[in-house]
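I opened this notebook to keep track of what I looked up, one entry per topic. The entries go from a term I needed, through the chain as a whole, to single helices and pairs of residues.

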Amino acid sequence: MARKGFVSGEGTVTEADASTAAEKAKAVEIKKQLERLVKAIVDEDDYRVETADEAIRTLASLKDLKSQKSFSFKLAEGGSHGGGVLAAVPKEFRCPISGELMADPVVLATGETFDRPFVQRWLNEGHRTCPQTNQVISHTVLTPNHLVREMISQWCREREIELPKPVQDIDEQLVTNADRGYLNSLLEKMSSSLSDQKAAAKELRLLTKRSSSFRALFGESTETIPQLLNPLSLGQVDAHPDLQEDLITTLLNLSIHDNNKRLVAENASVICLLIESLISGTVQTRSNAAATFFTLSAIESNKITIGASGAIKPLIDLLDEGHPLAMKDAASAVFSLCTVLENKGRAVNAGAVRVILKKIMDRVLVAELLAILAMLSSHHRAVQEMCELGAVPCLIGITRESDCERSKENCVAILYTICFADRTKLKEIKEEEMLNGTFSRLVQTGTSRAKRKASGILERLNRTGSITHTA
């Protein structure tokens, strides 16, 4: 079935032909009207102003019709890709391989732009040259051309044309000998001059961000990651902050790939460099080092390895410093690591309760930090510190006032633990219930976990005679 505005490959008359005929007829009609108006203006010595205005409007209508026609979708000379090339599409927006409007423009290593599915197919067929220039390509990583994509989007919007949808499920995992050779050449530069190191580090940062196949290449050898980090030395990891940032960010990109997680975490020198990068370097470097620990901790055995390495204390310190960019990554890493029992004790010893409670009282990352505090509340010394540091009034206030169900749930979970750990705090909790009915209300409206914990608090108060009713 022919689509609207298109012609079938066999030349059958379609809606597009009918539309073209209608446009021609309308143009003839407008031209006749324009001719009549211009004749009246030319022939009459004292023509009316209204006649001139009407002539201008008619000329504008003719111009608009011409513009619409030139930008409408129609076929050029027959094509080999299911109906040909769109004649009105600017050359820059057409894929050099398919000749069609690009849906997902990407840049090849030579700098030429193609539509992803067509150039990917070219590469998958084993070609290692540019389809347009015949240059040998140094690698097969395809970089999104966001500028051309945005220009195509704008061009389509202006003409009320539906933007082509990118083809899904393309094989992007193709790893070639050319890619391996390119990776090796970049890693070799890590033992070269400082300028070579910096240039190679920037390239590796970009490649590992954009290409999952390039990230996977690092997992083929245990030597690649030590080679990558060769320019960084323990004790002076931030000697060249820009180089450090690129290398640590590359390590973060690599840690996203599941097969690389153990490869990174089980290398003691790599973990040491990451710990130093939590302490010294740009804020972005420190944040990315924390994010790397978070991604590595997705594997249970890595949590134990990282916890034993001494990483938790500098993560807590980074959280304490309060850089907005770094705090969230540090908090995420601490939360993930503390799902392991041994690391809860390490976090408490590192001062986590004091740091986290202060941030919560300052209303910083409240939901995220309450989740960590709730997890630590299973550790007896953490609960003791919470009580000593005045956590109860803060937690009661959030339970009463917060609009975040997750925050209220974690607050009441912590308060539930405190009820059984320190009887002296029952008085404050009782007063809150008597004045505001906070926990009774939570029993009715909270999440299932919040309801259970709030109900448990009320039962505790009743059993100790601290309260005489349950609403």
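Entry 1, a term and its use. Before reading any accessibility I wrote down that buried means under 20% relative accessible area, exposed means over 50%, and partly exposed is what lies in between. With that in hand I looked up Arg449, which counts as partly exposed because its relative accessible area is 26%. I also noted that the model I am reading is a predicted one.

I found 24 helices and three strands in the chain. Of its 471 residues, 45% are buried. I then looked at contacts with a separation of 6 or more, and residues 24 or more positions apart account for 62% of them. The accessible surface of the chain comes to about 23,900 Å², and carbon and sulfur atoms hold 51% of that area.

Which residues of α5 are buried? I listed Asp179, Tyr182, Leu183, Leu186 and Leu187. They cover an arc of only 135° around the axis, and therefore lie on the same side of α5. On the face turned away from the buried side of α5 I found the exposed residues Asn177 and Glu188. The buried residues of α5 pack against α6 (194-210), α7 and α8 (224-228).

Is Arg215 buried or exposed? Arg215 counts as buried, because its relative accessibility is 14%. Leaving aside neighbours within four places in sequence, I saw Arg215 in contact with Thr208, Lys209 and Arg210, and also with Asn253, Leu254, His257 and Asn260.

I counted 20 salt bridges in the structure. In one of them the side chains of Asp242 and Lys198 meet, at 3.2 Å from N to O. Asp242 lies in helix α9 (residues 241-255) and Lys198 in helix α6, so this pair ties together parts that are 44 residues apart in sequence. Asp242 is partly exposed at a relative accessible area of 35%, and Lys198 is partly exposed at 25%. I then found that Asp246 forms a salt bridge with Lys202, with the closest N and O atoms 3.2 Å apart. Here Asp246 lies in α9 and Lys202 in α6, so parts 44 residues apart in sequence are tied together by this pair. Asp246 counts as buried at 5% relative accessibility, whereas Lys202, at 46%, counts as partly exposed.

Glu409 counts as buried, because its relative accessibility is 17%. To close the topic I looked for shared partners, and salt bridges of that kind join Lys202, Arg205, Glu245 and Asp246 into one network.

The structure holds two aromatic pairs. For Phe93 and Trp155 I noted ring centres 6.2 Å apart and planes at 75°, so the pair is edge-to-face. Phe93 lies in the loop between α2 (49-71) and β1 (105-107) and Trp155 in helix α4 (residues 146-158), so the pair ties together parts 62 residues apart in sequence. Both Phe93 and Trp155 are buried.

Methods. Residues numbered from 1 in each chain as written. Predicted model: local features only at pLDDT ≥ 70, side-chain atom pairs only at ≥ 80, totals over all residues. Heavy atoms only, no water. Buried < 20%, exposed > 50% of the residue type's maximum accessible area, 1.4 Å probe, protein only. Contact = heavy atoms within 4.5 Å. Helix = DSSP H or I, 4+ residues; strand = E, 2+ residues; numbered from the N terminus. Arc of directions from axis to C-beta. Phe/Tyr/Trp six-rings, centres within 6.5 Å; stacked < 30°, edge-to-face > 60°. Areas by Shrake-Rupley, 256 points an atom, 1.4 Å probe, with all protein chains shown as cover. Salt bridge = Lys/Arg side-chain N within 4 Å of Asp/Glu carboxyl O.
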